[in-house]
Amino acid sequence: MSAKRIDGKAAAEAIRQRVAKIVPEFAARTGRPPGLATVLVGEDPASAVYVRSKNKATAETGMAGFAHNLPATISEDELLQLVLDLNADERVDGILVQLPLPKHIDATRVIETIDPGKDVDGFHPMNAGRLATGLPALVPCTPYGCLHLLKQELGSLRGLDAVVIGRSNIVGKPMAQLLVAESSTVTIAHSQTRSLPDVVRRADIVVAAVGRPEMVRGDWIKPGATVIDVGINRIPTDDGKGRLVGDVAYDEASEVARAITPVPGGVGPMTIAMLMRNTLVAAHRRSGLKDPEGL
Ligand SMILES: NC(=O)c1ccc[n+]([C@@H]2O[C@H](COP(=O)([O-])OP(=O)(O)OC[C@H]3O[C@@H](n4cnc5c(N)ncnc54)[C@H](OP(=O)(O)O)[C@@H]3O)[C@@H](O)[C@H]2O)c1
């Protein structure tokens, strides 16, 4: 059996087009486009690439972008002041502070300073708590993108056994909350989980968010399972350029699974699409409008 390749790029493009269609409607009603502020501190090359892509997507969807590129030497107080200024700026609906931050800055303090209504990354404890208690929240983009792909693939997730490997605040924990809300039966696995292959073998849905290249092998996968690979790992190649692989051994797992996301081209593009979606939703909620439909 060869699994269906879940096309995250196409799904992400559809979301971005839907956002781009609603942006002018929002602007016509409120007199301004939705706005996203990105904050990049320092010169980490991977972070710079991510933030550039986010700024580009913001422009392509017709939203207003406010890019703040700051030196790594900025003090914590200066960064907190910028966040407070963005909280107060009426043109700004979403604030994204790219992580990781330099070591001398307390990332938790920065996240807790963002207005929860503008927290389009969904990392503020208020949004995490609202997600956990089933209240409307801004949901972290990557797990929300994974959920979108799963629902597109499977329809209802009710009663399915799901195993989420990884318990980070950014991916694993919110992913598990989203699956519980869909009435899946959820197991969260992590580095201390015993007999991980046996745990994964029970799953109808596997979400791997570990950061270990191809750790999940084909013989861990239950025949017919749906596999979402969040991992992005660069492994060395002979030509020195390196190659991106996920947390799942794709070829092996494809022999057993029903459907699987590739790396790249699976979950990755969904993250930015969901950031656009979250910014549009935040703009509607801040303006007292109903959430946009079809997103
Ligand atoms: N596609 C995207 O847009 C996107 C977005 C975010 C992240 N990612 C990728 O997703 C991966 C995970 O990201 P993250 O931020 O969640 O990472 P993280 O904060 O490092 O968390 C990794 C999780 O994996 C668990 N883990 C580590 N080794 C394990 C093992 N041998 N067996 C089982 N579990 C193990 C850890 O367990 P403990 O808690 O016990 O340490 C932890 O909960 C990374 O490759 C990252 O690059 C992709």
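Strand S4 (residues 94–97) sends Gly94 and Leu96 one way and Ile95 and Val97 the other way, and all are buried. Buried means under 20% relative accessible area, exposed over 50%, and partly exposed in between, with a 1.4 Å probe and protein chains only. This is a predicted model, in which local features need pLDDT of at least 70, side-chain atom pairs count only at pLDDT 80 or more, and totals for chains, interfaces and linings use all residues. Residues are numbered from 1 along each chain as its sequence is written, and side-chain values use heavy atoms, with hydrogens and water left out.

**Strand pairing**
- Strand S2 (residues 35–41) runs parallel to S4, joined by four bridges.
- Val39 sits opposite Val97 of S4.
- Strands (E, at least two residues) and helices (H or I, at least four) are DSSP runs, numbered from the N terminus.
- Two strands pair if DSSP finds at least two bridges between them.

**Cavity**
- The count is one cavity of 30 Å³ or more.
- A cavity is a set of points, on a 1 Å grid over the protein atoms alone, where a 1.4 Å probe fits but cannot get out; lining residues have an atom within 4 Å of a point.
- The largest cavity has a volume of about 60 Å³, the volume being the space filled by probe spheres set on the points.
- Ile95 and Val97 are among its lining residues, as are Leu99, Ile111, Ile114, Asp119, Asp121 and Phe123.
- The lining of the largest cavity holds six nonpolar residues, no polar ones and two charged ones.
- Nonpolar covers Ala, Val, Leu, Ile, Met, Phe, Trp, Tyr, Cys and Pro; charged covers Asp, Glu, Lys and Arg; the others, Gly among them, are polar.

**Salt bridges**
- The whole structure has 14 salt bridges, each a side-chain nitrogen of Lys or Arg within 4 Å of a carboxyl oxygen of Asp or Glu.
- Glu76 and Arg109 form one, at 2.7 Å from N to O.
- Glu76 is in helix H3 (residues 76–88) and Arg109 in helix H4 (residues 107–113), so the pair ties together parts 33 residues apart in sequence.
- Glu76 is buried at 15%, whereas Arg109 is partly exposed at 42%.
- Arg91 bridges to Asp89, with the closest N and O atoms 2.8 Å apart.
- Arg91 is partly exposed at 49%; Asp89 is buried at 18%.
- Arg201 and Asp198 meet at 2.6 Å, N to O.
- Both lie in helix H8 (residues 196–201), three residues apart, about one turn of the helix.
- Salt bridges also link Arg32, Glu90, Asp93 and Arg286 in a network.

Methods:
1 Å grid on protein atoms, 1.4 Å probe; cavity = no way out; pocket = protein on both sides within 12 Å on 5 of 7 lines; lining within 4 Å.
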